[in-house]
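Q: I would like to learn how to read some features of a model like this one. Could we go through them one at a time?

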Amino acid sequence: MDFELSAEHRSLMAKVDAFVQDRLIPLEQDPQSFDDHENVREDLLQTLRAEVKAMGLFSPQLPKERGGLGLTPVGQALLYERMNRSIFGPVCFNCAAPDDGNMTVLSKVATQAQQDKWLDPIADGRVRSAFVMTEPHPGGGSDPGMIRTRAEKKGGRWIVHGQKWFITGAGVASHFILIAKTGEGAKDGLTAFAFHRDDPGWEIVRRIPIMGPEEHGGHCELKFDGLEIPDEHRLMGVGQGLKLTQIRLGLARLTHCMRWLGLAQRCMEIAGRYVSEREGFGIKLADRESVQMQLGRVAMAIDTGRLLTMRAAWRLTQGQKARPDISMAKIQVADTLHLAADTAIQLCGARGYSKDTILEWIYRYARQARLVDGASEVHQMVISRAYREQGRGFFAWGPGSD
Ligand SMILES: Cc1cc2nc3c(=O)[nH]c(=O)nc-3n(C[C@H](O)[C@H](O)[C@H](O)COP(=O)(O)OP(=O)(O)OC[C@H]3O[C@@H](n4cnc5c(N)ncnc54)[C@H](O)[C@@H]3O)c2cc1C
């Protein structure tokens, strides 16, 4: 076990820390920094992204030949947590969902020509993207085998009909990755495609109102009524849509955990400051054992999540799949984000419930964590399946070890 960080990682973390602390956190206090959907205002975002680019930290997750820093999942875990100390952080570094996961999967599975066309404009921040998979009943949600949106091949083109919903970012996205049914069979009945927002034959039916703050472009319902996609825009082979999804969602789920750990730590910071200043019944709140126990419980939950996240990131960096590891991290960190926001609001009293701090923003946002990229129950199913398959081997430290 070696928890020592490289000098390169430490230097990158210090740069991210300084930008978040000096530039982003002060902006969170100003209502003028926000758009109508409670995210960072678009023109301000462009200014901030230019500053991040000037520091050489934009899209750091991408390989160096695509303009990134070639961060491994371990490097991502170290930096994303720091970025999301601010609610504005990840999107300024181009490390927010869904662009983050879309760029990563394109860099892994798309051909060079496809990467030039679909990846590079997202990587340099010229366009946004969306991942189009979930469908309303009776279509596919937790179970991708139920996907009904169909792509049928006619000559050299695929014709798409169907419906999708909760597609994050669709309102501002130009590049879309679509998962559609092209055959029968749960494993090889799906295929992935890229399409552009200007392609005819599809529309955004509505932007779905949600309980929390929204990513840019919201969460939209889409209707496909004859969208034509040239075969050269198919990603991976026919029938490999589920494989692409697994490649994308594995790391994407973990990057959610990395970011949420930063948000959870920020909740503790805000609550910690309040209880060390506020007095009641003759003593500081921070000096009460019951308050200390609440803070201790959250700190332990966060660190448990960090260890699970880092082990999964390490396994991915070693080239392992780490599926149950990612599921464990996802459940733990989603619960922890909620616990941290809830505890911090409680400890800050009425102020915690106000909009004077970002705690209520994080609290409303946190509720989606147990649903997006797989409901917690589905991740429990994944863990249980791996345990039943591997028995005691489930607890091995690595391949070939005890
Ligand atoms: C804010 C937000 C953003 C999203 N962004 C995107 C996006 O960009 N692209 C995209 O394609 N999708 C997106 N989604 C959809 C998300 O991935 C799905 O909501 C998720 O996969 C669950 O699918 P579902 O909503 O259809 O739930 P269902 O499949 O209908 O499940 C409902 C509930 O049933 C329970 N359940 C389901 N299966 C099991 C099981 N096997 N065992 C026990 N209990 C179970 C769980 O409690 C689950 O929450 C987003 C969702 C939200 C809320």
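Q: How many residues does helix 1 have, and what distance does helix 1 reach from its first C-alpha to its last?

A: This is a predicted model, and in it helix 1, residues 7-28, has 22 residues and reaches 30 Å from its first C-alpha to its last, which is close to the 32 Å expected at 1.5 Å a residue.

Q: Where is the kink in helix 1 centred?

A: The kink is centred on Val20 and amounts to about 35°.

Q: Which residues of helix 1 are buried, and what covers them?

A: The general idea is that an α-helix has 3.6 residues a turn, so residues three or four places apart point the same way. In helix 1 the buried residues are Leu12, Val16, Phe19 and Val20, and their cover includes helix 2 (42-54), helix 3 (73-83) and helix 4 (89-92).

Q: Which residues come nearest to the ligand?

A: Among the 21 residues around the ligand, those that come nearest are Met133, Gly141, Ser142, Ala375 and Glu377. Two or more residues of this shell are given by each of strand 1 (128-132), strand 3 (157-168) and helix 12 (376-390), while domain 2 (128-239) and domain 3 (242-395) each supply at least three.

Q: Why is Ala286 partly exposed?

A: Burial would need 20 or more other C-beta atoms within 10 Å, and Ala286 is partly exposed because it has 18. Ala286 lies in the loop between strand 10 (283-284) and helix 8 (289-317), and, leaving aside neighbours within four places in sequence, Ala286 is in contact with Val275, Ser276 and Val291.

Note on methods: Residues are numbered from 1 along each chain as its sequence is written. This is a predicted model: local features need pLDDT of at least 70, side-chain atom pairs count only at pLDDT 80 or more; totals for chains, interfaces and linings use all residues. Helices (H or I, at least four residues) and strands (E, at least two) are DSSP runs, numbered from the N terminus. The expected span of a helix is 1.5 Å times one less than its number of residues. The bend at a residue is the angle between axes fitted to the seven residues ending there and the seven starting there. A residue is buried if 20 or more other C-beta atoms lie within 10 Å of its own, exposed if 12 or fewer, and partly exposed in between; C-beta atoms are placed from the backbone. Two residues are in contact if their C-beta atoms, placed from the backbone, lie within 7 Å. A residue is near a molecule or strand if its C-beta atom, placed from the backbone, lies within 6 Å of it. Domain bounds come from an automatic or database domain assignment.
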